[in-house]
Structure formats: structure tokens, C-alpha cells
Amino acid sequence: ETEKKMAVLALGSASAIKLAAVAEGLHIDVSQIKCFDVESGVPPQPVGTKETTQGALNRANRARERYPDAKVFVGIENGMYQRSDNQAWVDAACIVFLWGSNQQYVHWSDELVIPVGEKKMEEGPNGEWSILKDPHSVVTNGKRSRKDFLRDAVHAARDSIKLPL
């Protein structure tokens with residue numbers, strides 16, 4: 001039982017939103033998570049699922065480099081891509097979990113349709129579709145924050161895999 005409380009997760013981000021989402025989604029205390037401000041190795045606004053996945057994987061691997069004693073390493077990267085069904089552009093987060101010698105699991109958050117036309121948001125300085133860190137709350141009229149999207153995805157991943165936590 002003591003070992004379970006000592007379990008440590010390394011998160012490849014210093015984002016308070018990502019930290020809270022991981023803690024809540026995995027049902028662990030934030031004190032069990034070490035955050036590292038690491039580079040994603042992809043542009044500030046990743047475009048496409050491949051680039052977004054690479055950013056999340058890079059973050060998880062860089063967290064492992066920074067704190068190899070952790071039991072689980074997590075990288076989260078939000079990106080945008082065009083859906084094939086109706087050509088809408090969406091934002092979604094790729095979450096990569098690494099553990100053991102070569103265990104890996106990739107999970108995606110729910111998609112958020114990026115507003116266009118009159119509802120288009122002010123873009124960020126590096127090509128981000130929104131200048132806001134949490135445009136999800138605005139787009140959903142306060143019903144679902146970015147943290148909610150991430151937490152729900154982390155929780156769904158937790159239910160799909162057995163992490164050593």
C-alpha cells in the first residue's frame with residue numbers, strides 16, 4: 001500500500017491545466033506528479049494527427065529523460081486537423097503514456113470543432129487557432145473546459161490500460 005502512494009508520474013509539461021487533468025483523470029494526488037517544462041519538438045500549433053502525436057511522444061520521452069525514476073511518463077499535445085467526414089477543422093489532444101521498458105499507449109481526447117466565420121477567435125502569435133489557453137470553455141459556452149477534455153481523455157485511457165500506479 002505504501003508503494004502505491006509513492007508512485008510517481010513524470011509529465012512532460014509545466015501546464016497547470018495538464019497537471020490538474022492528469023491528476024484528476026488518474027485519481028492521484030498532484031504531489032505524485034513531477035512536471036517538466038520540455039520542448040515538444042513540433043510547432044506551437046501542430047497541424048495533423050502525425051505532428052500532434054509526435055509532439056506528445058517527444059514530451060513523454062523528454063519527461064523520462066528528466067526523471068527516469070518515475071513509473072509512468074506522460075506527454076500531452078493539442079493539435080488541429082481536418083476531419084475527413086465533413087471537412088471541419090478540429091482541435092484534439094493526443095496523450096501518450098510510456099511505462100516499463102517499452103510499453104506505450106496513445107489516446108485522443110474528444111474533438112472540439114474550431115469556430116469559423118463570425119465566431120472565429122483571435123489567433124495566437126505562433127499560428128495557434130486561438131490566443132486563449134482554454135478556448136474550449138468559450139466555444140462550449142462554459143460547459144466544458146480544456147481541462148475537462150483532457151481529464152476525460154486521461155480517465156478513458158486509464159480505464160483501457162493497466163498503469164503501474
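**Entry 1. Salt bridges**

I began with Arg158, which forms a salt bridge with Asp159; their closest N and O atoms are 3.3 Å apart. I count a salt bridge when a side-chain nitrogen of Lys or Arg is within 4 Å of a carboxyl oxygen of Asp or Glu. The model is a predicted one, in which local features need pLDDT of at least 70 and side-chain atom pairs count only at pLDDT 80 or more, while totals for chains, interfaces and linings use all residues. Residues are numbered from 1 along each chain as its sequence is written, and side-chain values use heavy atoms, with hydrogens and water left out.

I then looked up accessibility, where buried means under 20% relative accessible area, exposed over 50%, and partly exposed in between (1.4 Å probe, protein chains only). Arg158 is partly exposed at 31%, and Asp159 is exposed at 53%.

I also noted the salt bridge of Asp85 with Arg83, with the closest N and O atoms 3.3 Å apart. Asp85 is exposed, at 59% relative accessible area, whereas Arg83 is partly exposed, at 21%.

How many salt bridges does the structure hold? I find eleven. A network of them links Glu24, Asp110, Arg144, Lys147, Asp148, Arg151 and Asp152.

**Entry 2. Helix H5**

Why are Asp148 and Arg151 separated by about one helical turn? Because they are three residues apart in helix H5 (residues 146-160). Asp148 is buried at 16% relative accessible area, and Arg151 is partly exposed at 23%.

The 15 residues of H5 should span 21 Å, and the end C-alpha atoms are 21 Å apart, so the two agree.

The buried residues in H5 include Phe149, Leu150, Ala153 and Val154. Among the elements that cover the buried residues of H5 are H2, E3, E4 and H4; I take contact as heavy atoms within 4.5 Å.

Thr140 sits in the loop between H4 and H5. I find Thr140 buried, at 17% relative accessible area. Not counting residues up to four places away in sequence, Thr140 touches Leu112 and Phe149.

Val138 is in helix H4 (residues 135-139) and is partly exposed, at 47% relative accessibility. Together with Ile131 and Leu132, Val138 makes a nonpolar surface patch of about 250 Å². Patch residues have over 30% relative accessible area and no salt bridge; like charges are joined within 9 Å, and nonpolar side chains (Val, Leu, Ile, Met, Phe, Trp, Tyr) within 5 Å. Accessible areas come from the Shrake-Rupley method with a 1.4 Å probe, and for residues only the protein chains shown count as cover.

**Entry 3. Strands**

I call two strands paired if DSSP finds at least two bridges between them. E1 and E3 pair in the parallel sense over three bridges, and Leu9 has Val72 in E3 as its bridge partner.

E3 (residues 72-82) and E4 (residues 89-99) pair in the antiparallel sense over eleven bridges. Phe73 has Leu98 in E4 as its bridge partner, and Gly79 stands opposite Ala92 in E4. The hairpin of E3 and E4 has six residues between the strands, and in it Gln87 takes a positive phi near 65°.

Is E4 enclosed or open? Ten of its eleven residues are buried, so E4 is largely enclosed by the rest of the structure. Strand E3 likewise has ten of its eleven residues buried.

E4 also runs antiparallel to E5, joined by six bridges, with His107 in E5 as the bridge partner of Ile95. In the hairpin of E4 and E5, with three residues between the strands, Gly100 takes a positive phi near 60°. E4 and E6 pair antiparallel over two bridges, and Val90 has Val113 in E6 as its bridge partner.

**Entry 4. Ser13**

Ser13 is buried, with a relative accessible area of 6%. Leaving aside neighbours within four places in sequence, the contacts of Ser13 are Lys18, Cys35, Phe36, Asp37 and Arg59. Ser13 and Glu77 are 64 residues apart in sequence and 9.4 Å apart in space, C-alpha to C-alpha.

Notes
Helices (H or I, at least four residues) and strands (E, at least two) are DSSP runs, numbered from the N terminus. The expected span of a helix is 1.5 Å times one less than its number of residues.
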